[in-house]
Amino acid sequence: MGKMQKKIELDETQKELILTNLDNDGKLSCLKAFKVSRLIGLKPIDMSDACKGVGVKITNCELGVFGKIKFQDPETAIYSKIKQNFTQDRDVSCKTLWFIAQESSLRRVGNTVKNSDIEVTHCQLGCFRERKGKREIKN
């Protein structure tokens with residue numbers, strides 16, 4: 001069952017800040033969504049609903065859950081660090097992965113997540129809580 005959309009009332013300035021930060025494809029990237037949330041005074045968790053309210057999709061998840069960012073090979077050391085935070089189903093929250101990325105980089109963590117059996121849960125922007133359909137480990 002899908003998440004119910006929360007009605008977020010935006011003023012014209014807030015709407016304009018979302019619309020002026022869109023990528024060439026008319027979508028708001030994950031990184032820009034965090035930036036815009038600060039600019040418009042919303043909690044990041046409300047960005048998905050705010051964007052839907054103005055007909056904008058969030059794309060290019062920095063952890064590889066959705067979008068078209070090209071990722072590189074996973075890194076064993078980063079996988080080992082992430083593994084310490086697994087639930088029994090290999091689920092790790094988006095927030096935890098961003099915290100781990102502070103020690104290396106978001107791109108390196110994203111590479112490792114995208115090319116592994118890790119399942120990202122609880123998007124900080126409110127785009128999803130859980131992913132459905134486990135992936136196989138890519139070697």
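I took a polar contact to be a pair of N or O atoms within 3.5 Å, where one must be able to donate a hydrogen and the other to accept it. The model is predicted.

Entry on Gln14. I found Gln14 in helix H1, residues 12-19. Gln14 is buried, with a relative accessible area of 15%. A polar atom of the Gln14 side chain lies 2.8 Å from the backbone oxygen of Ile40. Leaving out residues up to four places away in sequence, I listed Glu9 and Ile40 as what Gln14 touches.

Entry on helix H4. I looked up residues 76-83 and noted Ile78, Tyr79 and Ile82 as the buried residues of H4. Down the axis of H4 these buried residues fall within an arc of 100 degrees, so they line one face of the helix. Thr76 and Ala77 are exposed, on the face turned away from the buried side. The cover over the buried residues of H4 includes strand S3 (91-93), helix H5 (94-101) and helix H6 (106-114).

Entry on rings. I counted 3 aromatic pairs. One of them is Phe34 with Trp98, tilted, at 4.6 Å centre to centre and 45 degrees between the planes. Phe34 sits in helix H2 (residues 30-40) and Trp98 in helix H5, so this pair ties together parts that are 64 residues apart in sequence. Phe34 is buried, at 13% relative accessible area. Tyr79 and Phe86 form an edge-to-face pair, with 5.8 Å between centres and 80 degrees between the planes. Both Tyr79 and Phe86 are buried.

Last, I checked Phe71: Arg107 lies over its face, 5.4 Å from the ring centre.

Note on methods
Residues numbered from 1 in each chain as written. Predicted model: local features only at pLDDT ≥ 70, side-chain atom pairs only at ≥ 80, totals over all residues. Heavy atoms only, no water. Buried < 20%, exposed > 50% of the residue type's maximum accessible area, 1.4 Å probe, protein only. Helix = DSSP H or I, 4+ residues; strand = E, 2+ residues; numbered from the N terminus. Arc of directions from axis to C-beta. Contact = heavy atoms within 4.5 Å. Phe/Tyr/Trp six-rings, centres within 6.5 Å; stacked < 30°, edge-to-face > 60°. Lys NZ or Arg CZ within 6 Å of the ring centre and 35° of its normal.
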